[in-house]
Amino acid sequence: MKIAILDDYFDTLRTLACFAKLAGHQVTVWNDHVQDTGALAERLQDTEALVLIRERTQIRAPLLEKLPKLRLISQRSVYPHIDIDACTRLGIVVSSNMHAGTPSYATAELTWGLVLAAMRRIPQEMAALKAGRWQTGVWTGVRGKALGERAYVLHVIVPHRDLVARQLGEARKRAQRVEVVVEDRDFHAAPWSAACARCRPAIQPKVIAGPSVMPGPG
């Protein structure tokens, strides 16, 4: 089978244990990003199975109609970038593991990295150090502070309590020694906050970690 993998920017898939499952197949890995329909159609003209990495490339009807040999699209997580109706019409199977119940450790770690960097002004202090200056100010810590949106550590303010109650309950089970305080206060009351760019439909965050980038009403 001829398999194409798109948008593997750092050529990491070959290093994963699961890559060995493709042994015996003709696999082409593309490390750059191309969205032009004509260019993609040329690259994928003989592809029978297409592997996507999240939503990096839009797979729409104009492209799918130029790929007569394509029979399978495989990826992980949500698929708003794939034209499911066109795939159904053309007989292309879309297989996506929604990894329900699997925590996103990388997202959590990066979020806390942003929170700490914002509160302690780490990028600004690094820039000052490179410029020959030492400690440009005395900044605040995170202990006892309120974290807007949702979390399982420190003091939590949630604007959609019903949506996060279950997640917080699970977090308590995973971190039994961490105190979780939930308040039904306005999201904007938190002195700092953290949110993902894409979240559940009922939650539309407009802010990424930081004490000085709180969103306004609406």
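Analyst: Start with a cut-off. A residue is buried under 20% relative accessible area, exposed over 50%, and partly exposed in between. Asp-11 has a relative accessible area of 28%, so Asp-11 is partly exposed. Keep in mind that this is a predicted model.

User: Where does Asp-11 lie, and what is its phi?

Analyst: Asp-11 is in the loop between strand S1 (2-5) and S2. Its phi is positive, about 55°, although Asp-11 is not a glycine. Most residues other than glycine have a negative phi.

User: Which residue other than glycine has a phi near 50°?

Analyst: That is Arg-121, again with a positive value. Arg-121 sits in the loop between H4 and helix H5 (122-130). Its relative accessibility is 29%, so Arg-121 counts as partly exposed.

User: What makes Arg-121 lie "over the face" of Trp-139?

Analyst: Two limits apply: CZ of Arg must be within 6 Å of the ring centre and within 35 degrees of the ring normal. Arg-121 is at 4.5 Å from the ring centre of Trp-139. That distance is within the 6 Å limit, and Arg-121 is listed as lying over the face.

User: How many aromatic pairs are there?

Analyst: The count is zero. To pair, ring centres must lie within 6.5 Å.

User: Why is the contact between Asp-32 and Arg-43 called a salt bridge?

Analyst: The cut-off is 4 Å, from a side-chain nitrogen of Lys or Arg to a carboxyl oxygen of Asp or Glu. For Asp-32 and Arg-43, the N to O distance is 2.6 Å, so the pair is a salt bridge. Asp-32 is partly exposed at 35%. Arg-43 is partly exposed at 24%.

User: How many salt bridges does the whole structure hold?

Analyst: The search finds five. Among them is the one between Glu-65 and Arg-89, with N to O at 3.1 Å. This pair links distant parts of the chain, 24 residues apart: Glu-65 is in the loop between helix H2 (61-64) and strand S4 (72-76), and Arg-89 is in helix H3 (residues 84-90).

User: Why is Arg-89 called exposed, but Glu-65 partly exposed?

Analyst: Exposed means over 50%. Arg-89 has a relative accessible area of 53%, so Arg-89 is exposed. Glu-65 has 48%, which falls between 20% and 50%, so Glu-65 is partly exposed.

User: How do you know that Arg-54 and Glu-55 form a salt bridge?

Analyst: Their closest N and O atoms are 3.3 Å apart. The limit is 4 Å, so the pair qualifies. Arg-54 is partly exposed at 33%. Glu-55 is partly exposed too, at 24%.

User: Which residues does Arg-76 touch?

Analyst: Leaving out residues up to four places away in sequence, Arg-76 touches Arg-54, Ser-96, Asn-97, His-99 and Thr-102. Arg-76 is in strand S4. The C-alpha atoms of Arg-76 and His-99 are 7.6 Å apart, although 23 residues separate them along the chain. Arg-76 has 44% relative accessibility, so Arg-76 counts as partly exposed.

User: What about Thr-37: where is it, and what is it in contact with?

Analyst: Thr-37 is in helix H1. Beyond its neighbours within four places, Thr-37 is in contact with Pro-62, Leu-63 and Lys-66. Thr-37 and Leu-63 are 26 residues apart in sequence, with C-alpha atoms 5.6 Å apart. At 31%, Thr-37 is partly exposed.

User: What makes the nonpolar surface patch?

Analyst: Tyr-79, Ile-84 and Met-98 make a patch of about 250 Å². A patch residue needs over 30% relative accessible area. Met-98 has 40%, so Met-98 passes that limit and counts as partly exposed. Met-98 is in the loop between strand S5 (93-97) and helix H4 (105-120).

User: What are the overall figures for the protein?

Analyst: The protein has six helices and nine strands. Of its 218 residues, 31% are buried. The accessible surface is about 13,700 Å², and 56% of it belongs to carbon and sulfur atoms.

Definitions and conventions:
Residues are numbered from 1 along each chain as its sequence is written. This is a predicted model: local features need pLDDT of at least 70, side-chain atom pairs count only at pLDDT 80 or more; totals for chains, interfaces and linings use all residues. Side-chain values use heavy atoms; hydrogens and water are left out. Helices (H or I, at least four residues) and strands (E, at least two) are DSSP runs, numbered from the N terminus. Buried means under 20% relative accessible area, exposed over 50%, partly exposed in between (1.4 Å probe, protein chains only). Accessible areas come from the Shrake-Rupley method with a 1.4 Å probe; for residues, only the protein chains shown count as cover. Rings of Phe, Tyr and Trp (its six-membered ring) pair if their centres lie within 6.5 Å; planes under 30 degrees apart count as stacked, over 60 as edge-to-face and the rest as tilted. Patches are made of residues with over 30% relative accessible area and no salt bridge: like charges are joined within 9 Å, nonpolar side chains (Val, Leu, Ile, Met, Phe, Trp, Tyr) within 5 Å. Contact means heavy atoms within 4.5 Å.
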